[in-house]
Amino acid sequence: MQLKTFPGGLHPPDNKQWSAHKPIEDCPLPEELIVPLGQHIGAPAVPCVAVGDLVKRGQVIGEAKGFVSVPVHAPTSGEVIAVEDRPHPMGRDLPAVVIRADGEDAWGDLPAPLDIAAATIDELRQRILSCGIVGMGGATFPAHVKLSPPDEKPIDTLILNGVECEPFLTADHRLMLEESERILSGIAVLQKILGVRQTFIGIEANKPDAIELLSRACADLSVEVTPLEVKYPQGAEKQLILACVDREVPSGGLPMDVGVVVQNVGTCAAIADAVLRGIPLIERIATISGPALVEPKNLRVRIGTPLRKLVEVCGGTRVEPAKIIMGGPMMGMTQLSLEVPAIRGTSGLLLFTADQVSTRPEGPCIRCGRCVRACPAHILPTTIAAYARLDLFEEAEAYNALDCIECGCCTYSCPAALPLVQSIRYAKNAILAKRRKV
Amino acid sequence: MANQLYLSSSPHFSSGESTDRLMRQVIYALLPAAAVSVYMFGLPALVTLLICTLASIGFEAVCQKLMGRPRTLGDGSAALTGILLALNLPASSPWWMSLIGAFVAIVIAKQIYGGLGYNPFNPALVARVVLLISFPVQMTRWTAPAPLSLSFDSVTSATPLGQAKEAVMLHGALPADLAAGFGDFFLGRMGGSLGEVSALALLLGGLYLIWKKVITWHTPVSYLATVVVFSGIFWLVDGTRYPDPLFHLLTGGLLLGAFFMATDMVTTPVTPRGMLVFGVGCGLLTVLIRLFGGYPEGVSFAILLMNAATPLIDRYTQPKKFGFVPEKA
């Protein structure tokens, strides 16, 4: 059978064998949790606790500020020992609430469970907002915003993103295998809010067990499991929509422009917890892997847990890591230290050894066209990058630099080791900065 | 630990593909054709191959030294240009002609433009055409194939394309026994430049490159298909004056050009659609020059002319960007 997919892209070695068969384990609580107030795209939350306050698990410690923002909750019970700037995975110091765990892990007052059938759509949306649900695929876009499409953009399709196309990562895979009922409950909530006609779960064909399990579980529901070709970046929203329902999101547009809402399966499970149990987003499943690690694992991690703790739980390192990546190897961010905390967008933590760090010297572009063929946005990475290196941003924009989804396929495939996506990102920032100024 | 950590922006992985690996693969792919040339034309062929290759590497090294550029002999591109140049020369090329060819290819057609990646024209083809125009006698003194010959005193013969052209010019019709030589053409028993004689060896090399994903099918297939269709039309109109498509495929430098010269990454389009346009253009020009031009062979001129059009082709064959919505009428 021809599996569905999108044109372009490539297939890096997936390296999922290290953790794909490891059941989800609970990561023990650390002594201190560093909970950043900005863990989502949009305005960071505003702290509503002070040093010395005792907090309970699930209690709001930062309030949402603005529409594209969500509150932040205490991941466990304990004492607030600092409200200050701390190193953040984004690479600089940002406001955070630091909690010393009391070991009780006692729940605070949680909102009452909602009955999906009886609750109004507004109540459901409000619950998703108040529980701090954000997109957990890594982009951390507040979920309630996606679930509030304007009236003139009718939504008829819901797509659950279970693709997990980044190499090494297996967190979504384990979630689908072990906790599919959470996903199915979440789907019911999403279907009610959006009033969709059809629902798909897109899963890459390298997870046949998850495809089979969910297909069986969805047999009676109006949910279709769509096996997808193993190809990166199959999990990119627009590429996923094209593969599942053959609709192309217009350049500069959003999925809602073609009547689709996409949610990651992890987000969907978190939505189920929020609605059916009143539990806010204070933990997530993350894959801890990479060749420098003793024992790769899939861990259920409290938000705010320092990365060092995750490494310890996985038996520590075999060799000194040369590169620490939060997220996947294609789009994740390198980290300066293991002292930064896991956040809502932490889908993985990867430790690489020195021999895996590519330090090949850049060569001249030989115009081989590999980046052009791999680009899922169908732009010319080498041309745009060449303009970007000369600071010719108008030309870069004319060559559709802003359509770049920063998947990194171009840099990955470049035989001359040119940092193509990095140059394009630089051009995008310059173009957007100029637009803001005008 | 912190000062030993690498920081970089994503992606953190690469395919491991490298420029020198690509160049090496092309060199490997040329080995069958080079081996056939040495078998057919003997020691002189080997000497020409060695002079061109070593001289190209030497000129590259000297240029990089004089121009203060980083030394990049390891990328294999100079060696590849040297081999391609040799394969474009007659076996009996005098040593000084090989030397001049290497100089033109590396110094004039490549390094002066900025080195690898910046040259607009295929260096080996520039050198071949310069030599063809400057030394027409030496460049068209074809050695007759004499397997495993060690002698430098060779019997000369015309190329099949040259014979066909001459016959049409003198008698107004092709020689009658044209098709008789197809088996020899396929295996390489014909006069011609080193690398164009064996269709079999070139096909093997070309398919190897496609299999290894060094090149894509776009350029060779569109090039060869265009030659077959376009020359086929003339052949159908008047089969006594115009050779059939198979003759075009098997003789001259067409296969060498289609698989190894028109696919030169630096000087040809980067987009798949651009490669198709490029191949079609090469095919049309090749047939036109072969049938109506002053030279019996047109591959080099066709590819160089299309090299000149490459920036234009790239501009007009940009892929339709994802999410491109045409203006609604």
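**Reading the features of chain A**

Reply: Let us begin with one residue of this predicted model. Leaving aside neighbours within four places in sequence, C365(A) is in contact with T382(A), L418(A) and G117(B). C365(A) is found in the loop of chain A between β17 (348-352) and α9 (370-374).

Me: Does C365(A) count as buried or exposed, or as partly exposed?

Reply: The class follows from relative accessible area: under 20% is buried, over 50% is exposed, and values in between are partly exposed. C365(A) counts as partly exposed because its relative accessibility is 22%.

Me: Which residues does UniProt list together with C365(A)?

Reply: An unreviewed UniProt entry lists C365(A), C368(A), C371(A) and C414(A) under "binding site". These residues are spread over 50 residues of sequence yet cluster in space, with a largest C-alpha distance of 10.7 Å. Of these residues, C368(A) is included in the lining of the second largest cavity.

Me: Where does C414(A) lie, and which residues does it touch?

Reply: C414(A) belongs to the loop between α12 (409-413) and α13 (420-437) of chain A. Not counting residues up to four places away in sequence, C414(A) touches R360(A), L420(A) and E17(B). C414(A) has 9% relative accessibility and therefore counts as buried.

Me: Which strand is joined to β12(A), and how many bridges join them?

Reply: Strand β9 (residues 157-161) of chain A is joined to β12(A) by five bridges, and the two run parallel. Within this pairing, I159(A) has V262(A) as its bridge partner in β12(A).

Me: Which strands pair with β5(A)?

Reply: Strand β5 (residues 60-63) of chain A is joined by two bridges to strand β3 (residues 46-47) of chain A, in an antiparallel arrangement. Two bridges also join β5(A) to strand β6 (residues 72-73) of chain A, and these run antiparallel. G62(A) has a place in both pairings: it stands opposite P47(A), and its bridge partner in β6(A) is V72(A).

Me: How is a helix read, and which residues of α3(A) are buried?

Reply: An α-helix has 3.6 residues a turn, so residues three or four places apart point the same way. Helix α3 (residues 171-178) of chain A is mostly covered, since seven of its eight residues are buried. The buried residues are A171(A), D172(A), H173(A), R174(A), L175(A), M176(A) and L177(A).

Me: What remains to be said of chain A as a whole?

Reply: Its secondary structure comes to 13 helices and 17 strands. Of the 438 residues of chain A, 58% count as buried. Among contacts in chain A between residues at least 6 apart in sequence, 73% join residues at least 24 apart. Chain A exposes about 16700 Å², of which carbon and sulfur atoms supply 54%.

How values were computed: Residues are numbered from 1 along each chain as its sequence is written. Chains are lettered from A and ligands numbered from 1 in the order in which they are written. This is a predicted model: local features need pLDDT of at least 70, side-chain atom pairs count only at pLDDT 80 or more; totals for chains, interfaces and linings use all residues. Side-chain values use heavy atoms; hydrogens and water are left out. Buried means under 20% relative accessible area, exposed over 50%, partly exposed in between (1.4 Å probe, protein chains only). Helices (H or I, at least four residues) and strands (E, at least two) are DSSP runs, numbered from the N terminus. UniProt positions are given in the numbering used here, feature names are shortened, and annotations may be inferred rather than shown by experiment. On a 1 Å grid over the protein atoms alone, a cavity is a set of points where a 1.4 Å probe fits but cannot get out, and a pocket is an open set with protein on both sides within 12 Å along at least five of seven lines; lining residues have an atom within 4 Å of a point. Contact means heavy atoms within 4.5 Å. Two strands pair if DSSP finds at least two bridges between them. Accessible areas come from the Shrake-Rupley method with a 1.4 Å probe; for residues, only the protein chains shown count as cover.
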